[in-house]
Amino acid sequence: MEKHPGLMLLRNERLLAGIGMEDGSVRLLRDVRTGIDYIANAASAEPFRLETDAGFSSEFESFECRRDDTAPGEARISLTWRTRSNVAVHGWASLAEGADSLEFGCSADNGSEERLLSLEYPIIPNLKEITEGGEDDYVAHAFATGLKVRNPLKHFVHGETGWRYAPYPESFSGASMQFFAYYGMNKGGLYFAALDGEGYAKWLNFYKNAEGFLEASFIHGCEEMGAGKGIYPVYPVRISLLEGRDWHEAADLYKAWATKQNWCARGTLAQRRRSGDTAAWLHDEIGAATFGINAGSDRTLWLRKYRELIPTPIFHVLGPDWTNEPQTFYRGFPGGFDDWFPTRFHAGNLACLREMGDKFAPFEFDYLYRFDGADGELGRAAAQKMPERIKSIDAYAFPFLCPAHPYTHDFHVRRDETLQRTDDVDAIYYDISANNILKVCMDETHGHPVGAGKAIEEAYRRNYADTKAAMEAVAGQQVPLGTEMMNETLLGVIDYYQARAGGQPAAPLEGWPLRELLKTGVAELIPMFAYVYHEYGAVRLDGWGKLVEEIGSLYYFTVARTYLWGGLYELNYEYSPMEALDGAENAAEDHYYPFEARGYAFSEERALYLAMYARLRTGPANKYWAYGTMLKPLEFSCPRLRMDWFHYNHGTKSKEYNDSGELDADAIVHSAWRYEKESVGLFFANVGKEGLILRVRIEPERYGMSGMAAWAYGQDAHRPAAIRLDRQPSGETEFDVPAGSVVVVELTI
Ligand SMILES: [Zn+2]
C-alpha cells in the first residue's frame with residue numbers, strides 16, 4: 001500500500017483523505033476510483049482560523065490528533081489545537097464505510113477573557129486544476145441565487161475576485177443556500193455543503209489563496225460572544241466526490257436534504273394551491289411585473305398603455321414615494337409611525353390598477369430607520385450594531401433596526417397592519433431586508449445574545465410572519481410578502497422576491513463583484529435556487545428591463561430566460577425615466593431618485609414580445625413555470641447569437657452607469673419541467689430572428705412518460721400551432737423552432 005508519511009489517513013474504496021500529523025491541516029483528498037488528487041502537494045496550509053477582536057489567527061501552542069473510530073462502520077480522526085490564550089479548538093473528520101463523502105465538525109472552548117467571533121473550519125486548501133489547464137473546470141456557488149464561473153483557478157484573484165467571505169443566509173453578498181461545487185466537466189469534482197436546517201450564521205467560501213491555489217472553507221459565527229464563551233456549531237460540513245455532471249449533480253445532492261427541512265414544511269405550491277394556503281392570483285393570473293413606478297404621482301397613462309398590449313394582469317411593486325415623510329433613494333427615509341402615515345398614494349393610480357385587474361405592493365425599506373425622525377429615540381435603542389470587522393463585500397452602511405428588539409417587532413407589525421387598513425394593499429414588498437443583511441448584532445442591551453446569528457434570523461422570520469398574519473387578518477385574504485433577494489430559510493414566509501442578476505450585464509446590484517466576468521461570459525447565472533426549490537415557492541421577479549429599443553437585443557434573451565426559469569419578467573423604473581409616450585416621459589422632479597432625462601420611446605414591438613410570454617405564463621405553461629419542478633436540461637447544439645446591451649438604469653455615479661457591450665449566448669433558451677407526476681414540459685425559446693431546426697434526443701421513458709406532442713407559441717397567433725416531430729428509433733427528434741417563438745414538447749403518461 002502506498003505510504004503517506006506524516007499523514008493520518010481516512011480511507012475506504014472510494015475516498016482517501018490525509019490530515020497532517022504536525023498541524024492538522026487537510027493535505028490529501030483523493031477520488032480512489034478516478035485517481036484524481038484534488039490537493040496540490042508541498043504548499044503550506046492552515047488547519048483553522050480563529051477570529052477574536054484582535055483578528056484572525058491560526059496560531060497554536062500545542063496540537064494533538066488521534067484516531068477516534070468509535071461509531072461502527074466509521075473512521076474518525078479527532079484534532080485539538082490549544083492556543084497561547086487558552087482556547088481549545090476541536091475538529092473532527094470522519095469517513096463512513098463505502099461512503100463517497102467526508103464529514104467535518106468543530107468547536108472552540110474559550111478559557112480566555114477574549115471574545116471569540118468566529119471559527120473557520122474545515123479549510124480545504126490548495127485545490128488545483130481538475131481538467132487540462134482548468135479549461136473545463138467550474139465553480140458553482142449559491143452566491144445570490146446561483147452563479148457559475150469557468151476556470152476559477154485562472155480567473156479568481158487572491159484578495160480580489162472570488163468568494164472569500166460569502167455570508168449565509170445573505171443572498172445579496174453571500175449565499176442563499178448552503179452548498180457549492182468545484183468540478184471538472186465529466187471528470188470529477190467536490191461538493192461542499194453545510195447541513196444546517198436551523199439558520200445559523202455561517203460563511204461558505206471559495207477563493208484563491210496566497211499560494212495561488214483555490215481554497216474552500218466554512219466559517220461558523222459565534223452565537224454568543226463574550227469572555228469565556230465558545231463556539232459550538234451543531235451541524236456537520238459535508239464534502240462529497242462528484243463525477244463532474246455539471247452543477248446539477250451537486251444540486252441534486254443538496255435538494256435531497258434541503259426539501260426535508262422546516263422551510264419546506266408548508267408543502268409544494270401545488271399542494272398549497274389546493275388547500276388555499278397561497279395567494280392563487282400571484283401564481284395563476286399575473287403575467288408580468290413592474291417595479292418602482294411612482295406610487296405618489298399620476299402614472300395612469302403608462303399603466304393603461306402596458307395593459308393595452310399585455311393581456312394578463314400585471315403585478316406592480318410601486319415605488320417608495322407614498323410615505324408621509326419622504327422615502328427616497330438619495331435623501332432620507334421615514335423613522336417611526338408618524339413618518340409613514342397618512343400615506344400619499346395617488347388615488348388615480350390605485351383606481352386604475354383595480355379597474356384593470358392589476359395588483360400592487362408598496363415598497364418599504366422596512367428595517368431602515370431615520371433616527372432623527374418620529375420616535376427616533378425608540379429607533380436608536382433598537383439599532384442593529386454591526387461588528388467592526390465585517391466579513392462581507394458589503395459594508396451594510398445603513399441605519400438598520402435590529403429585528404430581535406421588541407420595538408422593531410411591534411413597529412413592523414403595527415405599521416403594515418395600519419397600511420393594510422388605510423390603503424387595502426394587495427401585497428407588501430421589503431427592500432434591503434432580511435435577505436440582504438448580515439445576521440449579527442453586537443448590541444448588549446437588546447435581549448438577545450451578543451452575536452446571535454440564529455436569534456437574528458429567527459427574529460426576521462417572526463417579524464415577517466406576524467406582520468403578514470396581521471395584514472391578512474385585516475384583508476380577510478392572503479397578502480403576499482416579497483423581499484429583495486431570497487434565502488432558503490425564509491421560504492415559509494416569503495411569496496415572491498426581486499432579483500436583478502437575470503438582467504446582467506444590463507443590470508446592477510447582486511452579482512456586481514463578478515460583473516467583469518459576467519460581461520465576458522466567464523461567469524454566468526445558473527438557476528440553482530429554482531432547481532432546488534421552485535416547486536416550494538417564492539416567485540422570482542427579474543430582468544431589470546424597459547420597453548425601449550435602446551437597452552439592446554439582449555432583452556429578448558433575458559425575457560425568455562426569466563420565464564423559462566420560472567420567473568416573471570420585471571420592467572424597472574427605479575433609476576431612470578419611464579418610456580416616452582407621444583414624446584413625453586416622467587420628470588425627475590416627481591421621482592425618488594434624481595435621474596437624467598432620456599426620451600427613449602415606448603416600443604410596441606417589445607411589449608408584444610413580453611405579452612407572448614405573459615400569456616404563456618398564465619396559460620399553457622402555467623403548471624410548469626408557476627408550479628413545476630425544474631429538471632436537468634437536455635443537451636443539444638444550437639447556434640450562438642451576439643446580443644448587444646446598454647445599461648443606464650442605475651445610480652448616475654455608479655461605475656456601470658451607461659455601460660454597454662455585447663454578449664454571446666445560445667439562440668435557443670431551454671428548460672425542462674415536471675408538473676407533479678402528471679407531465680413533463682420541455683421548452684425551447686428561439687430568441688433570434690431566424691427559424692431554427694433542432695435535433696434533440698428526447699426519451700419520454702426516462703421520465704416515466706409515454707405520450708409526446710409539441711406546439712409552437714408565437715407572438716401573433718393567439719392559439720398554438722402544432723409542431724411536427726421527426727423521430728428516429730434512437731430518440732433523436734427533429735423539429736422547427738420558428739423565430740421569436742416558444743416550442744413546448746410535452747410528455748404525458
Ligand atoms: Zn440587536
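Ile432 is buried (under 20% relative accessible area, with exposed over 50% and partly exposed in between, for a 1.4 Å probe and protein chains only), because its relative accessibility is 14%. Although not a glycine, Ile432 has a positive phi of about 40°. The structure is a predicted model, in which local features need pLDDT of at least 70 and side-chain atom pairs count only at pLDDT 80 or more, while totals for chains, interfaces and linings use all residues. Residues are numbered from 1 along each chain as its sequence is written, and side-chain values use heavy atoms, leaving out hydrogens and water.

A positive phi, of about 50°, also occurs at Tyr396, which is not a glycine. Tyr396 counts as buried because its relative accessibility is 4%.

The zinc ion has as protein donors Cys402 (SG), Cys441 (SG), His446 (ND1) and His448 (NE2), at 2.0 to 2.3 Å. Donors are N, O and S atoms within 2.8 Å of the metal (3.2 Å for Na, K and Ca); water is not among the atoms, so sites may look incomplete. The spacing of the donor residues in sequence is C-x38-C-x4-H-x1-H.

Two cis peptide bonds are described here. One runs from Tyr121 to Pro122, with omega near -5°; the other joins Tyr168 and Pro169, with omega about -5°. Pro122 lies in strand S11 (residues 116-127), strands being DSSP runs of E with at least two residues, and helices runs of H or I with at least four, numbered from the N terminus.
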